[in-house]
Amino acid sequence: MMVRMAREETRTLTSTTVRTPAPHAALTAPGKPAARPWRTRLLVIGIVLAALNLRPAITSLGALLEEVRDGLGMSGSVAGLLTSVPPLCFAVFGVTAPRLARRFGAGAVVCAGMVAIGAGLLIRPYVGGTAAFLAASALALMGIAVSNVLMPVIVKRWFPDRVGSMTGLYSMALALGTATAAAATVPLTGALGGNWQSGLAVWAALAVAAVLPWIPFVRGGDRQRDGAHGARTEPATPADAPPLRITRSRTAWALAVFFGLQATAAYITMGWMAQIFRDAGVPAGTAGLLLAVTMVMGVPLAFVIPRLATRLPHQGPIALALGVSGLVGYAGLYLAPAAGAWVWAVLLGIANCAFPLALTMVGMRARTGAGVAQLSAFAQSTGYLISIPGPLLVGVLYQHSGGWGLPIALMAALMIPQMAVGVLAGRPRTVEDESQSPTPSH
């Protein structure tokens, strides 16, 4: 499937380059043809491998959270803080991604991000101590953060006629990496002698593999300007175009809140769901498989939802359907966590597909690559800031209430505003229309 898509993207890219060569030239060296089939295929492979690495750092930890807590002497509140580190890092570092991409090129930033992920995953199990573990995790999450923001930008810029299919492809790869880490971490740990350090460190190998296809794109060929000649590699913005002020856009704010609430649900699920099942009497290995089922639901749906979303004038109905699935899943998790575990895992997996929907709407709610970059950075950074308290609050509620009733009630309650802002974010509008300042009179 990926090879077939690569061929389609090559044809699309070639035809698009004839009309508007500049957006696609950004990953090629100045003065060279923009549409080389091998470079297009390599870029598709690079996007897939990068996406595979955007969640194993989190879900592998979720599968072994109890062992890590015991090994590092963490309390429930500190473990909750640990599960809040991903959105914090995504918010702090994600906002820097557009600036870094302008300075060094999107390909170079993603390549450096993969290096950071590999280094962080390799060293964090062996550093010793909670603080050092958090610092090494932050290194890996920094690489994930910048890649998170740049994926929609790369898709919009180099595959403008295939936003739905390419967003679906990397969302599917992201879901596959998430599910694989959730399902395989516990068995891998057992195969490696039962040492949780080895079970976490093994995922660094996947990040190392993801570095390779991005190396040809590290050179400054994808910068917006060629320093030697001052030539632009993107279409010049009209001199009289009003500045884009993203915070004036209601759609941008709705999308940011939607992104934040779905991220809250996702990171609570990745950080705590396996533990919820284990506390309900489900064996550790089975609990890991249940988390994997939740994550693997995103593999087919992450490919279908973006394609469906791009065909609809309003994406609100999809947001509503995903929210209802989440409400039913949380109700089941509250009433019969062990008896209906597989059903709840499937329903919550469907609800978690709000993430590819959010990414697709980022690409649809702006007209230009620059607009998508600004919207992606704003929506993801603001959204991840919104999501920070969620996992931490779940840990505190769990520790002080002595059970999962209150945390699950919180998760269900957050689905209501998520559905509401999803409807607002799904309206057929663009941030350029909403956020530009009035043109000054002359």
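Arginine 367 is partly exposed, with 47% relative accessible area (partly exposed lies between buried, under 20%, and exposed, over 50%, with a 1.4 Å probe and protein chains only). The model is predicted, so local features need pLDDT of at least 70 and side-chain atom pairs pLDDT 80 or more, while totals for chains, interfaces and linings use all residues. Residues are numbered from 1 along each chain as its sequence is written, and side-chain values use heavy atoms, leaving out hydrogens and water.

Arginine 367 pairs up with aspartate 433 in a salt bridge, the closest N and O atoms being 2.9 Å apart (a salt bridge is a side-chain nitrogen of Lys or Arg within 4 Å of a carboxyl oxygen of Asp or Glu). This pair links distant parts of the chain, 66 residues apart: aspartate 433 sits in helix H22 (residues 431–435), and arginine 367 in the loop between helix H18 (354–364) and helix H19 (369–387). Helices here are DSSP runs (H or I, at least four residues), numbered from the N terminus. Aspartate 433 is exposed, at 57%.

The count comes to three salt bridges. Another one joins arginine 278 and glutamate 67, with closest N and O atoms 3.5 Å apart. Arginine 278 belongs to helix H13 and glutamate 67 to helix H5 (residues 65–72), so this pair ties together parts 211 residues apart in sequence. Arginine 278 is buried at 18%, whereas glutamate 67 is partly exposed at 29%. Glutamate 434 and arginine 429 also meet in a salt bridge, at 3.9 Å from N to O.

Both of those residues turn up again around threonine 251, which touches Arg365, Ala425, Arg427, Arg429 and Glu434, leaving aside residues up to four places away in sequence (contact means heavy atoms within 4.5 Å). Threonine 251 lies in helix H13 (residues 250–279) and is buried, at 0% relative accessible area.

Definitions and conventions. Helix = DSSP H or I, 4+ residues; strand = E, 2+ residues; numbered from the N terminus.
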